[in-house]
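Trainee: Could you take me closely through one part of this model, the sheet, and explain how its strands are put together?

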Amino acid sequence: MTPQLIHTALESLTRGFPTIKGVRWFNLAVLTITPAIAIYGLLYVPPRRETIIFAVAYYLFTMLGECHALIPFPEKVPSFADNIFSLSPLRGGLVDAVFFLVPILLAWLGITAGTFQLLVTQSPAVWLDHRKTNFPISVRTGYHRLWSHRSYTASFPLQLFLLLGGTSAVQGSCYWWARAHRSHHRHTDTNLDPYDSNRGILWTHIGWMIFKSDLKAGTADISDLRTNPLIQWQHRYYFHLQPIFGYLIPTIIPGLLWNDWLGGLCFSASLRLTTAHHGTFCINSIAHWLGSAPYDDRLSPRDHLLSAVLTMGEGYHNFHHQFPMDYRNAFLWYQYDPTKWFIALCGKLGLASNLRVFPSNEVHKGALSMQLKRLHKLQGSLEWPDPVDRLPIVTWETFQEESKTRTLILISGFIHDVSNFVDQHPGGPGHLLNNSGKDMTASFFGGIYAHSNAAHNLLSMMRVGILEGGVETIKSSESVPPSQRLYIAQRTQNS
Ligand SMILES: [Zn+2]
Ligand SMILES: [Zn+2]
């Protein structure tokens with residue numbers, strides 16, 4: 001790859017960026033130093049089984065609590081490191097891209113190497129055991145589905161558990177997080193959307209958190225969160241709680257209990273955070289870019305299994321944007337949504353109540369609309385018989401006269417020119433040639449042979465006129481070709 005090609009590729013990734021006004025150094029530090037420690041650990045620190053199990057369990061705790069945005073909302077974050085350095089407007093260039101790529105590469109190296117490391121150092125039995133013990137039923141249960149969308153009611157112990165889990169994600173206070181997220185739902189794909197998908201996948205994944213710009217997020221109603229004492233408590237003490245739950249506790253526990261301080265810092269704290277961060281970022285980037293739109297395709301949210309796996313269940317984003325109050329992200333029972341299962345389990349245990357679901361009838365209606373839309377597009381790409389009102393009315397005498405020079409047969413009141421089809425007629429050319437100028441309705445519909453739907457459809461393409469005063473000698477429904485009996489008509493404003 002030549003430098004020019006690399007430059008072109010990077011430029012295409014940053015094309016939608018707004019004018020960059022500076023760097024959020026605090027966010028950049030979190031997003032680079034954390035994965036750097038994780039990589040150091042993967043390269044030089046032997047993983048201990050207890051630490052890895054604890055790291056995965058703590059990861060679940062984190063993901064249960066948090067949601068899909070990141071560090072506090074840009075223009076509202078009281079980042080002490082803001083304004084230390086202001087970058088002159090750089091746009092779409094190599095320098096910008098390097099700034100984004102460094103943390104992304106570090107993070108993904110950390111995740112990939114971590115997975116690899118675990119695979120090669122743990123026996124399959126241990127892995128199976130990990131998966132059984134720590135099956136990721138978590139994700140965004142608290143910040144997202146509880147506080148951003150009020151999709152269920154949680155008991156106080158569950159709220160506290162989720163809030164502290166969300167704090168350990170180092171992705172901002174719930175109050176900030178939910179405000180950004182509600183703004184995202186309300187202003188999806190516009191300049192007021194904090195992670196506007198029109199600005200490209202690099203911007204929605206990480207750019208919006210690292211760079212300052214003139215963009216302002218749209219307003220959203222957060223009055224309920226303003227009066228929630230638990231949310232306000234976490235918001236007030238967030239910058240004290242964040243290092244405690246994000247870094248200290250996951251380091252101290254392995255350190256005190258089995259004397260693995262470095263493993264705690266590298267794996268339970270840093271590798272867990274790196275994975276949680278990028279899993280979350282994927283909801284803003286990949287879930288608005290990759291997949292299908294089974295409920296509405298006017299906006300960018302998409303459904304995809306890969307996104308669901310990467311984000312631990314938040315990948316059915318098309319459904320989520322259509323029905324955000326629903327506690328489920330995946331509507332169909334077989335779709336991967338551990339958060340839904342966790343909330344349902346909490347409901348069974350009495351820890352959660354009022355689990356909201358959108359009426360299935362309306363969900364199916366949305367899905368049907370999209371299916372009809374796709375079918376309508378396919379329908380529009382096919383050729384259909386001339387509309388009846390455009391066919392000429394032909395007298396019996398003219399029909400007889402014309403049928404001497406070409407093969408015309410009358411079926412269901414329509415005159416068909418079958419001259420070009422005579423040689424291809426499966427029943428032989430004789431039937432057609434000998435009956436030119438005659439009414440073959442009864443023969444076509446079973447008098448001689450009950451023709452197939454395909455034959456009926458093909459016949460309708462040969463219509464050239466309507467016999468004046470002609471009467472249909474069969475049921476009217478059979479005069480409509482089978483392919484047109486469920487023809488999709490678009491309703492316009494005037495009809
Ligand atoms: Zn979204
Ligand atoms: Zn949401």
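Mentor: Two strands count as paired here if DSSP finds at least two bridges between them, and the strands themselves are DSSP runs of E, at least two residues each, numbered from the N terminus. With that in hand, and keeping in mind that this is a predicted model, we can describe an open sheet of four strands, whose order is 5-8-7-6 and whose pairing is mixed. Strand 5 and strand 6 (408-411) stand at the edges, and because each has a single partner strand, one side of each is left without a neighbour in the sheet.

In general, strands of a sheet pair through backbone hydrogen bonds, either parallel or antiparallel, and the pairings of strand 8 illustrate both arrangements. Strand 5 (residues 393-394) runs parallel to strand 8 (residues 463-467), and two bridges join them. Taking these bridges residue by residue, Ile393 has Ile466 as its bridge partner in strand 8, while Val394 is partnered there by Leu467. Strand 7 (residues 414-417), by contrast, runs antiparallel to strand 8 and is joined to that strand by three bridges; among the residues involved, Ile415 has Gly465 of strand 8 as its bridge partner.

Conventions
Residues numbered from 1 in each chain as written. Chains lettered and ligands numbered in written order. Predicted model: local features only at pLDDT ≥ 70, side-chain atom pairs only at ≥ 80, totals over all residues.
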